[in-house]
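Hello,

I am handing this structure over to you, with some notes on what turned up in it. Please have a look at the model first and then read on.

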Protein chains: 2
Amino acid sequence: MGAAIALGERGRGRTAPNPPVGCVIVAGGRVVGRGWTQPGGRPHAEAMALGLAGTESRGATCYTTLEPCAHRSTRGPACADGLIAAGVARVVAALGDPDPRTNGEGFARLRAAGIAVEVGPGADAARRSMAGFLTCRTRGRPHVTLKLATSLDGRIALSSGESRWITGPEARAHAHLERARHEAILVGRGTWNADAPRLDVRLPGLEARGPRRVVLSSAPPGVENDPPLWISSPHAVADLANVDHLLVEGGAGAAAAFLAADLVDRLLLYRAPIILGAGLPAIGDIGLTELAGAHGRWRLHDARALGSDRLEVYERR
Amino acid sequence: MGAAIALGERGRGRTAPNPPVGCVIVAGGRVVGRGWTQPGGRPHAEAMALGLAGTESRGATCYTTLEPCAHRSTRGPACADGLIAAGVARVVAALGDPDPRTNGEGFARLRAAGIAVEVGPGADAARRSMAGFLTCRTRGRPHVTLKLATSLDGRIALSSGESRWITGPEARAHAHLERARHEAILVGRGTWNADAPRLDVRLPGLEARGPRRVVLSSAPPGVENDPPLWISSPHAVADLANVDHLLVEGGAGAAAAFLAADLVDRLLLYRAPIILGAGLPAIGDIGLTELAGAHGRWRLHDARALGSDRLEVYERR
């Protein structure tokens, strides 16, 4: 299932509104097919893996990160039907699909065809890898990651505004990789006007992964050749079409607006081993009036070194 | 040598102006004597270990974290002479003693008596464990640790001043253990006046380890039954008698004053998994005018979880 989840991650940021599913088909102790949701959402992971496996899928075990779909579409057949037709003997899925067109119907159809079905292995990791899809289904809005790059004392720039660079090249490359995993990147109007950020993915081989740019602003940002989308409040992220993962990159006002609206699901905290003292804070006023209200909201999921910097990933509890 | 360093740590914070040395004497593969600098500085670690070993020190190996002293004192004989008289065969020391009364003379006297001498094992850890003594000898001032307890965004309190509690009980207990390892604790006048901090060691068995209290203030703090020491500038820490380790506990003004004066050797950063947004910053203006000046000053030495909080220890590079 770990391999299937890793395959699914390949599609992350390019499959919305479809989930980035991963699939591995194993026969006789050998991997005979691998697949992941393709850009735009089709083919599905199972269809791709079955195509590669060909006749070797007969009697095989299919590991997939999400329940095979039960709905026919003009864009392709239902994966549950495809698995039955290919003659697989067993399907292991990490999670059920909350999509009302499937939601248990995929498993039921497999079982009715005599296929052994197991659900649950790798569920936590699969839930994390498809967080965008699942958040859209359960909360009706994208999964939101807030990225901060700060000094040890939580500053993102000197008082003069100088912020290049707080973190080193390894941390900045990692942040660009994160961009590639999101359909859209949002900044506040202040950051947009002051820095005119490119918000693209500057990594070899991933240049084409340009996420859409979104500006949080009470009025449309200035006209230009390639205008960004704009929303006037954090809650309006629910209206962004085909955005399952949104990366909020700053500045302090945008960060505070999303935190105050309780719309941040994941926090990417890049920290350089420097102290700035006076300077621009990472986060503005979030309306907190007592300390008790701050506790119990975040759980550390990952911590690692990136060059001389450190990355911590916190998740909503 | 690791065992000797651990023994030496027992004296830390109570031996100034003497170093907190540790000593282990091994004969026939067995530990026959252990010692550490006693409160007030005497007996020395080697004298204590020799006393415990008795006649078993004949032909033994003595592991000590610092060069045995070569100077007689009214408070006791030279440890080098004691080791010679006890008939040890070999002395392994982590570091030489920069005290001009010893500074190689201890090793020379041992070698002249036919004792094998090895210097260097465990030098880095020993240097860290005797940082106060060594900083006093080389820089003429105490070793200064700055302690900060912050939210993820570098705040130490809400705008209202509410700061109890940012961190949890495990982190606060660790901070009290750190207090016990320092001869003195300093706060700024604002913190002194606002919080009237007790600055004592609230840990079972260590209540008697009350470090001296020092206030950074342009004028003496208000009279009370048990007035603290006060200094008017960070550089005046050099004048504090019998203080080898100083812990700076806040607030933002005192932290900034010591950082701006480049008088911080070690940074203890306790961080809770909370976000405060607007609030009081951990560190005030340190006079930094360009980012380049902030880089290359700190190196992460330790990172660990303390309950749901995290501790990072940075050292001056």
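Which elements of chain B do the buried residues of α6(B) pack against? They pack against β3 (61–66), β4 (90–95), α5 (123–129), β6 (143–150) and β11 (245–250) of chain B. Helices (H or I, at least four residues) and strands (E, at least two) are DSSP runs, numbered from the N terminus.

Before the rest, a word on conventions. This is a predicted model, in which local features need pLDDT of at least 70 and side-chain atom pairs count only at pLDDT 80 or more, while totals for chains, interfaces and linings use all residues. Residues are numbered from 1 along each chain as its sequence is written, chains are lettered from A and ligands numbered from 1 in the order in which they are written, and side-chain values use heavy atoms, with hydrogens and water left out.

Back to the helix. In α6 (residues 131–139) of chain B, the buried residues are B:A131, B:G132, B:F133, B:L134, B:T135 and B:C136. Here buried means under 20% relative accessible area, exposed means over 50%, and partly exposed lies in between (1.4 Å probe, protein chains only). After α6(B) comes B:G140, with a positive phi near 70°.

Next, the two chains together. Chain A and chain B each give 37 residues to their contact, where contact means heavy atoms within 4.5 Å. The two chains bury about 3,100 Å² between them, and 65% of this is on carbon and sulfur atoms. Buried area is the accessible area (1.4 Å probe) that two parts lose on being put together, summed over both. On the chain A side, A:L152, A:I275 and A:L291 supply 21% of the area buried against chain B, more than any other three residues.

Four salt bridges are counted between chain A and chain B; the term stands for a side-chain nitrogen of Lys or Arg within 4 Å of a carboxyl oxygen of Asp or Glu. One salt bridge pairs B:R271 with A:E312, with 2.7 Å between the closest N and O atoms. On the side of chain A that touches chain B, the elements giving two or more residues are β12 (266–271), β14 (298–306) and β15 (309–316) of chain A. The residues of that side divide into 22 nonpolar, six polar and nine charged. In this grouping Ala, Val, Leu, Ile, Met, Phe, Trp, Tyr, Cys and Pro count as nonpolar, Asp, Glu, Lys and Arg as charged, and the others, Gly among them, as polar.

Within chain A, the assignment gives domain 1 (2–135) and domain 2 (142–316), with bounds that come from an automatic or database domain assignment. Their centres, taken over C-alpha atoms, are 32 Å apart. The contact takes 14 residues from each of these domains. About 1,200 Å² is buried between domain 1 and domain 2 of chain A, and carbon and sulfur atoms give 45% of it. A:R12, A:A16 and A:R128 supply 42% of the area that domain 1 of chain A buries against domain 2, more than any other three residues. Two salt bridges are counted between these domains.

Finally, is A:R179 buried or exposed? A:R179 is buried, with a relative accessible area of 7%, and lies in helix α7 (residues 169–180) of chain A.

Enjoy exploring the model!
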